[in-house]
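Trainee: I have a structure open and would like to talk it through with you. Could we take it part by part?

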Amino acid sequence: MTESSPASPSDEIDLAALRAKYAAERDRRLRPDGPRQYRRAAGEYGYYAKDPYTPRAEREPRADRVEALVIGAGFGGLLTAVHLRKAGLESVRLMDEAGDVGGTWYWNRYPGIHCDVESYVYMPLLEEVGTIPSRRYAPGEEIRRHAVALAEKFDLYRDALFHTRATRLTWDEAGHEWTVETDRGDRMRARFVITSSGTLTQPKLPGIPGIEDFRGHTFHTSRWDYGYTGGDQEGGLTGLAGRRVAVVGTGATGLQVIPHVGRDAGHLYVFQRTPSTVDVRDNRPTDPEWAASLRPGWQRERMQNFLEVLAGEPVEESLVQDGWTATTKLQRKILSGAVDTSLPAEERERRDELADALTMNRLRERVAAIVRDPATADALKPWYRYMCKRPGFSDEYLQTFNRPNVTLVDTADTGGITRMTERGVVVGETEYEVDCVIFATGFETGVSGVLSGTLPVIGRGGTALLEAWSRGPRTLHGFYSHGFPNLFQLGALQNANSANFVHILQDQAEHIAAVIARGREVDAAYIEPSAEAEAAWVRTVRETATDLRAFQAECTPGYYNAEGTASATGMMYSPGPVAFQRVLREWRDGGMHDVLVHHDALSTRA
Ligand code: NDP
């Protein structure tokens with residue numbers, strides 16, 4: 001799906017000049033402190049991360065035993081629990097820091113929130129729950145309720161523990177199970193532990209000098225304060241009437257929230273550092289006739305088709321057709337997928353760059369066509385390659401800057417907001433007095449507690465996981481590691497990725513459940529990859545890796561390139577999610593022997 005606005009013909013594009021412009025725009029934004037510019041919403045800033053939705057109930061510490069403990073009750077954890085239930089496990093416990101299931105969709109309830117991947121492929125197990133989303137891109141509350149419906153349908157609330165954070169996992173070799181400690185004083189035991197604690201969960205704040213001096217109201221978008229703003233996710237923020245409001249950040253969240261705040265605030269100042277790309281959204285209600293025409297198995301087929309199109313696999317027909325499927329080649333710059341090897345690498349790169357420039361020119365023209373004030377339009381134009389940032393979509397965002405009560409404040413030259421005062425926000429020498437500052441500044445990335453060290457994992461022989469990984473992560477297929485039996489991780493590490501991350505999680509959940517089911521079936525002592533199988537996978541990931549460093553070094557700073565300091569090379573299985581599905585299928589069909597440790601072989605496994 002593209003707009004009808006004319007795209008510049010490719011032969012008029014001066015790639016060298018464009019590259020120079022992109023480099024200049026990147027340099028303007030590079031900061032010597034890179035990722036250190038941010039603050040965790042913890043400690044003295046902990047109030048930014050408090051749960052505003054569910055009161056924390058007191059309870060006695062648990063010292064019981066479950067067969068499977070799933071840490072994280074977002075879609076990854078929920079789907080794993082569902083598939084474990086289907087595989088016959090009765091004793092499955094969900095645990096989450098949040099007050100309920102939903103993960104991202106529990107925390108993020110800001111006005112305007114919708115999924116940005118088509119809901120028919122994004123919301124998992126629609127057919128099993130017997131529902132169809134109300135809109136092509138469903139509102140966040142509907143997605144959150146779907147997570148609740150999944151938990152209810154598969155009886156996952158029975159033993160769940162919310163407002164509970166795992167603080168330590170210790171392998172007990174004698175008992176062949178994990179001891180799990182939590183911040184609620186629990187000391188429970190679990191035969192299998194599965195972590196699905198998210199990649200974008202911990203809100204982050206800019207380390208703006210004076211942030212604590214501000215005397216007005218302030219919160220992060222992932223903890224929306226409806227008590228202050230009034231209204232709900234549909235809008236109607238009556239509490240903002242007559243107030244001066246600052247929104248800091250113009251990423252995927254900013255794009256969704258800013259039209260609502262612009263509509264209802266007395267005056268809105270949008271503090272932008274790097275503009276997002278803003279393509280057509282084209283959201284619409286689900287056509288009931290289309291919904292009635294769907295045949296059993298339709299969702300799996302549609303999800304797989306979307307995954308294949310995005311991963312560059314040949315398909316007869318592209319079923320989804322949206323802004324994601326229109327830019328698949330560009331996405332493979334950052335997400336994994338098949339590359340066209342029929343062309344020499346240099347020619348392929350030139351064509352990719354040209355296609356990128358055409359797309360970006362179209363998006364810059366879209367800004368100019370919508371935003372009336374030329375200076376504001378210029379500041380809203382993105383100057384970088386398409387996948388340097390998560391692509392954005394909206395049919396309301398750019399239009400918001402035509403409102404008389406909305407001011408765009410470009411902070412690119414000052415590296416963001418300069419400081420905050422009691423009264424407001426300072427950029428350079430100019431102070432903007434405001435009543436409220438809303439941070440749409442995103443999340444710490446890739447930070448499963450296991451990787452960041454906030455959830456220490458102590459495996460066989462007292463070895464800490466991060467010690468075993470001191471020279472880089474070591475897994476088989478991204479799921480498990482030698483020395484850490486019966487421990488499974490979901491996420492984007494040494495496996496494949498896609499714009500529809502919930503599909504990736506669904507595949508991972510099904511695979512993990514299949515492996516656990518097989519282990520139980522053959523009465524394995526435990527499940528743990530052999531050192532050889534693990535080493536072979538680490539080698540495969542390295543040898544098949546696409547080198548993204550040059551691409552990422554030219555990008556504007558952001559969380560995709562660790563604020564301009566690093567690349568994700570080596571973290572992913574570059575051939576892509578469909579190739580990865582094939583790898584896993586063949587491996588399962590081969591009997592899964594690499595990970596099944598039998599009782600009689602224990603003495604040789606130390
Ligand atoms: P992002 O990290 O994408 O954006 C943070 C924003 O804050 C950026 O615009 C950043 O600017 C800005 N910022 C950071 N520090 C400062 C500063 N000191 N001064 C001024 N501006 C600053 O976070 P989001 O919450 O928008 O999105 C995170 C991810 O969550 C998305 O990429 C997407 O994967 C997911 N998401 C998905 C949605 C969906 O619909 N499914 C909706 C929302 C989010 P700069 O770019 O210059 O660093």
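Predicted model: local features only at pLDDT ≥ 70, side-chain atom pairs only at ≥ 80, totals over all residues.

Trainee: Let us begin with the ligand. Which residues come nearest to the ligand?

Mentor: There are 25 residues around the ligand, and those that come nearest are His114, Thr253, Thr274, Lys389 and Tyr559.

Trainee: Which atom of Thr253 lies 2.6 Å from an oxygen atom of the ligand?

Mentor: It is a polar side-chain atom of Thr253. Lys389 also uses its side chain, with an N or O atom 2.8 Å from an oxygen atom of the ligand. For Thr250, a backbone N or O atom lies 2.9 Å from a ligand oxygen atom.

Trainee: And how much of the ligand's accessible area does the protein cover?

Mentor: On its own the ligand has 900 Å² of accessible area, and the protein covers 90% of that.

Trainee: Which elements give two or more residues to the shell around the ligand?

Mentor: They are β7, residues 200-206, and α8, residues 252-264. The largest share comes from α8, which supplies three residues.

Trainee: How do the shell residues divide into nonpolar, polar and charged?

Mentor: The shell has 11 nonpolar residues, 10 polar residues and four charged residues.

Trainee: New topic: helix α2. What span should its 12 residues have?

Mentor: Helix α2 covers residues 75-86, and at 1.5 Å a residue it should span 16 Å. Its end C-alpha atoms are 16 Å apart, so the model agrees with that expectation.

Trainee: Is α2 largely enclosed or largely open?

Mentor: It is largely enclosed by the rest of the structure, because 11 of its 12 residues are buried. The buried residues include Phe75, Leu78, Leu79, Val82 and Leu84, and also His83 and Arg85.

Trainee: What happens just after α2?

Mentor: Gly88 takes a positive phi there, of about 100°.

Trainee: Now the strands. How do β14 and β15 pair?

Mentor: Strand β14, residues 419-420, and strand β15, residues 424-427, pair in the antiparallel sense over two bridges. A hairpin of three residues joins β14 to β15. Arg419 has Val426 of β15 as its bridge partner.

Trainee: What stands opposite Val426 in β16?

Mentor: That is Glu431. Strand β16, residues 430-433, runs antiparallel to β15, and four bridges join the two.

Trainee: How many residues lie between the strands in the hairpin of β15 and β16?

Mentor: There are two residues between them, and in this hairpin Gly428 takes a positive phi near 60°.

Trainee: Is Leu125 buried or exposed?

Mentor: Leu125 counts as buried because its relative accessibility is 6%, and the cut-off for buried is under 20%.

Trainee: And Asp282, what is its phi?

Mentor: Asp282 has a positive phi of about 55°, although it is not a glycine. Its place is the loop between β11, residues 278-279, and α9, residues 288-293. At 25% relative accessibility, Asp282 counts as partly exposed.

Key
Residues numbered from 1 in each chain as written. Heavy atoms only, no water. Near = heavy atom within 4 Å. Polar contact = N/O pair within 3.5 Å; in protein donor to acceptor, adjacent residues only side chain to side chain. Areas by Shrake-Rupley, 256 points an atom, 1.4 Å probe, with all protein chains shown as cover. Nonpolar A, V, L, I, M, F, W, Y, C, P; charged D, E, K, R; others polar. Expected span 1.5 Å × (residues − 1). Buried < 20%, exposed > 50% of the residue type's maximum accessible area, 1.4 Å probe, protein only. Pairing = 2+ DSSP bridges.
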